[in-house]
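Work through the exercises below with the model at hand. Try each task before you read its solution.

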Amino acid sequence: MCKNMCKNTLEKMCLLEEGRAAGRKQEQMYGRVPAQCILPPHMLNEIAKKGNPKQRDMALKTLLMSEKIRGRREAFAEVYVAMSLGAKCTRVYDAKNGQDLPGEEVNDPENSSDPAVKEAHNGANATYDMYLNAFERNSIDDKGMCILSSVHFDEKYDNAFWDGRQMVYGDGDGELFNRFTISIDVIGHELTHGVTEYEAGLVYYDQPGALNESMSDVFGSLVKQRVLNQTAEEADWLIGEGLFTSKVKGKALRSMKEPGTAYDDPVLGKDPQSAHMRDYKRLPRREDSGGVHINSGIPNRAFCITAMEIGGHAWEKAGKIWYIALRDRLRYNSGFQAAANKTFQIAGVMFGTGSEEQNAVKKGWTEVGITPKAR
Ligand SMILES: [Zn+2]
């Protein structure tokens, strides 16, 4: 019985209506569009199977919650439109452990004594600043859209997500997960899902979906590296460091440098990410939308190798190449080979054919089993 219930619940996971162009395209092709939650379904699935009763309840509750969120989006649309005009704008709301979004607006979040408020504020601002200063992009939609964040969503809610209009953060259950604002790269990751929606519109299935996930990891990590002023060599290339409590055997949700090595835990299972095309996992779409959080390890590693090869601050060159690909060259159905080709071609235009930078892009993709083509 539990098996049926879990399966049913997993299939419903994170299904949200999507109103944007990319979403509509995807909806026509595949039906409803999954929300882009930071905890991948394979992880919640493991907890639902192997956790203690409390942990299993938590996982099932998290899986079911996204269904409820769907109905609230219409009501929120008016608030969103009213706040979308102008230059830099970020706002933080306190859902006060309820399920109404966005919640009550927090005055002066920068000086708040609440760490979740402060982290959500700082993370949104750091993401906005990176997109503006490194890539000349004015917010998620490049039109100055206000970045709204709601913290303390529901009770002990184990996830963070971009719902197509705003960021939502749970407090975590405290047993396996800390509060979801704790990792700044998670904030950058989720907000980048918004950027991707407005630009390439990569569908959230199979290779385009894994590329969508990878773009979020790339720019999420760059937000963190930029805040810490780290070079590619100094960066940890981890996604979600600090999210696990000390009870979990693992350092983060994912490792871009060494995909598949981020955690190995009796309850969460082992990090299933692939690091090379020979380990690409062909999965049915009901499993993590065709393995979007698993195969994303491949382009993640290609970016990491490229950035390390170029050296210096990764957002200055490698990040710019990837950003232009995402903004101008990739389409909703682009896969890894297209990403390799486009980034290789862009590097040639930006830095010259046969330049160190272009060779670095080639090395990045070649080492994960993909040969970029100049045409
Ligand atoms: Zn994601």
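Axes are lines fitted to C-alpha atoms, for helices over the stretch in contact, and angles run from 0 to 180 degrees between N-to-C directions. Helices are DSSP runs of H or I with at least four residues, numbered from the N terminus. The model is predicted: local features need pLDDT of at least 70, side-chain atom pairs count only at pLDDT 80 or more, and totals for chains, interfaces and linings use all residues. Residue numbers start from 1 along each chain as its sequence is written.

**Exercise 1.** Find the angle at which the axes of α11 and α12 cross, and classify it.

Step 1. Take α11 as residues 318-329 and α12 as residues 336-351. Step 2. Their axes come within 9 Å and cross at roughly 115°. Step 3. Angles of 65 to 115 degrees count as roughly perpendicular, so α11 is roughly perpendicular to α12.

**Exercise 2.** List the residues where α11 meets α12.

Step 1. Apply the contact cut-off: C-beta atoms, placed from the backbone, within 7 Å. Step 2. α11 supplies I321, W322, I324, A325 and R329. Step 3. α12 supplies A339, K342, T343, I346, A347 and M350. Step 4. By class, this contact has 8 nonpolar, 1 polar and 2 charged residues (nonpolar: Ala, Val, Leu, Ile, Met, Phe, Trp, Tyr, Cys and Pro; charged: Asp, Glu, Lys and Arg; polar: the others, Gly among them).

**Exercise 3.** What share of contacts with a separation of 6 or more joins residues 24 or more positions apart?

Step 1. Consider the contacts in the protein chain with a separation of 6 or more. Step 2. Residues 24 or more positions apart account for 62% of them.

Definitions and conventions. Contact = placed C-beta atoms within 7 Å. Helix = DSSP H or I, 4+ residues; strand = E, 2+ residues; numbered from the N terminus. Parallel < 35°, antiparallel > 145°, perpendicular 65-115°, else oblique.
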